[in-house]
Amino acid sequence: MTAPEGLLRPSGVDAPRYLPIAEHGLIGDLRTAALVGTDGTIDWYCCGRFDAPSVFASILDADRGGCFALAPDVPVRNKQFYFPDTNILITRFFADDGVAEVQDFMPIVDDSREADRHRLIRRVLCVRGSMPFTARVAPRFDYGRRTHTLDIGPTHTVFSCPGLSLALTSSVTVEADGQDAVSTFKLVEGESAVFALDRIGDSVEPRSCPLAEAEEQFGATVRYWRRWLSQSRYRGRWREMVHRSALTLKLLTYAPTGAIVAAPTTSLPELIGGTRNWDYRYVWVRDAAFCIYAMLRLGFTQEAEDFVRFLSENIRFHEGARGPLQIMYGIDGRSDLPEEELSHLEGYRGSAPVRVGNGAVEQLQLDIYGALVDSLYLYDKWGQPLSSAHWDTIGDLVGWVCDHWDQPDRGIWEARSGDQRFLYSQLMCWVAIERAMRIATRRGLPADTLRWARARDTIYRRIMRDGWCADRRAFVQHEGADVLDAAVLMMPLAKFISPTDPKWLSTLDALGEELVSDSLVYRYDPQRSPDGLPGEEGTFSICSFWYVEALARAGRVDEARLAFEKMLTYANHLGLYAEEIGRTGEQSGNFPQAFTHLALISAAFNLDRALG
């Protein structure tokens with residue numbers, strides 16, 4: 001049953017129904033996350049885990065999605081920043097009569113029972129003058145499909161529906177307004193108020209959050225994030241952006257299993273009004289493996305260990321119709337991720353459908369084997385030596401790749417137009433075999449090296465022969481095509497081809513002429529290479545950072561640095577990126593995206609090295 005409608009976001013004359021995607025910051029507790037708009041509204045929150053049904057989803061439907069609004073009752077100017085070196089988000093409000101701020105964070109708790117609380121704290125402080133505020137807590141459970149009861153007691157307010165109850169405690173008076181809880185209060189300089197939202201249940205009782213406790217948990221959360229970030233070995237030119245990317249990647253980690261989600265959101269559109277709206281709250285083998293590369297580069301070995309543990313304990317390798325690995329898994333390792341459309345939600349700015357689950361899980365994408373084995377190679381080199389069981393698994397995967405590398409597949413971009421023999425897929429199969437051979441040689445491990453070497457060399461010759469288009473003087477998207485694809489930027493990055501090879505330099509020039517716009521790189525031209533989906537899309541930010549790295553490796557360091565600096569201007573006010581950037585510089589697609597932030601780290605690291 002759908003919950004009652006009604007505009008939830010503050011509805012002043014100039015108030016938009018939807019903020020731009022980039023006008024949000026991210027907070028989380030390593031189990032789930034929330035998006036907080038620059039207007040003080042929590043627009044997205046799934047309680048308990050990243051892939052749980054939403055409690056607040058006004059970013060996908062301003063009327064039916066639910067939100068937690070907290071903002072002044074007077075005209076204000078807004079600014080937002082992260083408390084330095086943490087994932088505590090601060091939204092500041094500037095008015096004629098004062099200045100105030102809201103501090104949003106989720107404590108990181110080791111105790112399992114307290115972790116199950118998933119406490120979300122909102123501290124309101126008046127730092128100058130005075131400021132009137134209104135808070136409205138308007139949950140809409142199960143993506144707005146379930147109604148709930150509201151019970152306001154002497155110490156806390158409880159929102160309940162079957163299977164989930166949330167308790168709100170606050171230092172100011174709360175009243176009922178239909179199914180919502182509302183509080184109106186005024187603060188003068190030096191005063192503060194606190195709201196805490198907890199999940200409660202059999203093992204978690206409601207607990208108040210007085211001002212002193214909120215301040216203590218604020219301090220503990222600051223210490224957690226700063227202690228974690230202090231492990232970074234990065235000392236290059238772009239420390240602030242690199243460290244913000246690292247902090248963002250850490251927020252996308254599901255601590256109980258070590259899984260890393262591609263993004264904390266679903267169905268944020270690649271094109272406003274379009275249908276390219278997907279659920280990214282799962283573990284893409286490719287994305288997570290690349291994340292491990294970025295984390296290891298910075299010195300965060302524990303995250304790599306946790307991901308290897310996730311693979312060992314939660315993923316069952318078995319040869320099915322799509323090979324021994326799926327392209328993605330649930331954060332608990334589950335393999336069944338059925339895709340459904342939520343027709344009762346209008347989608348961000350009317351961009352329907354809203355989807356949960358992901359039907360691409362059934363696709364064959366051969367590149368995942370190279371990404372995974374490469375990450376395990378780096379873990380063995382920079383982290384901990386792989387166990388004998390891990391080596392057995394790698395041997396089985398590489399053996400399968402040797403037999404199946406030349407199959408048509410859907411490719412890295414999950415084309416829904418049919419299978420092709422994509423160059424990138426073959427490239428990453430080569431990487432899988434080549435990296436496994438490196439591990440075997442360095443560690444003296446048993447391997448079918450003759451068979452592996454034959455397959456590796458065959459793939460190399462096939463790419464150099466059939467992946468090269470003499471007319472375009474470039475490596476192309478797939479066999480039999482003459483269209484370009486930014487995924488081939490990985491050829492020198494994966495050490496398949498010299499970054500100064502004449503064929504590669506010619507390809508780099510062709511990509512720059514056809515797919516690059518002011519440092520921004522399109523994945524491909526969907527008009528020349530139909531992907532089975534309607535509409536256009538923006539530039540893909542990971543490809544833009546790949547381009548920076550390819551330029552740097554080719555010796556075009558000044559161009560690389562300029563392209564990198566330009567890319568940094570497309571970040572939002574907090575240094576966060578969605579997956580794509582639109583024609584006028586707006587961010588689109590799921591937000592923030594791990595893929596983009598890990599590519600930023602890699603580009604910064606390698607550009608630093610090239611600059612000396």
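Let's start at Tyr143, which sits in helix α2, residues 141–144. Helices here are DSSP runs of H or I with at least four residues, strands are runs of E with at least two, and both are numbered from the N terminus. The model you are looking at is predicted, so local features need pLDDT of at least 70 and side-chain atom pairs count only at pLDDT 80 or more, while totals for chains, interfaces and linings use all residues. Residues are numbered from 1 along each chain as its sequence is written, and side-chain values use heavy atoms, with hydrogens and water left out.

Back to Tyr143: its phi is near 55 degrees, a positive value in a residue other than glycine. Tyr143 is also buried, with a relative accessible area of 5%; buried means under 20% relative accessible area, computed with a 1.4 Å probe on protein chains only. Most residues other than glycine have a negative phi, and most peptide bonds are trans. Arg473 is another non-glycine residue with a positive phi, of about 50 degrees, and it is found in the loop between β22 (468–469) and β23 (474–475).

Now for the peptide bonds. The one from Ala352 to Pro353 is cis, with omega near 5 degrees, and Pro353 lies in the loop between β20 (340–341) and β21 (355–356). The bond from Phe591 to Pro592 is cis too, with omega near -20 degrees, and Pro592 belongs to the loop between β28 and α15.

Beyond neighbours within four places in sequence, Asn590 is in contact (heavy atoms within 4.5 Å) with residues including Ala263, Leu268, Tyr280 and Glu579.

Finally, look at helix α6, residues 301–314. Its 14 residues should span 20 Å at 1.5 Å a residue, and its end C-alpha atoms are 20 Å apart, which agrees; the expected span is 1.5 Å times one less than the number of residues. Among the buried residues of α6 are Glu303, Phe307 and Leu311. An α-helix has 3.6 residues a turn, so residues three or four places apart point the same way.

Terms used:
Buried < 20%, exposed > 50% of the residue type's maximum accessible area, 1.4 Å probe, protein only.
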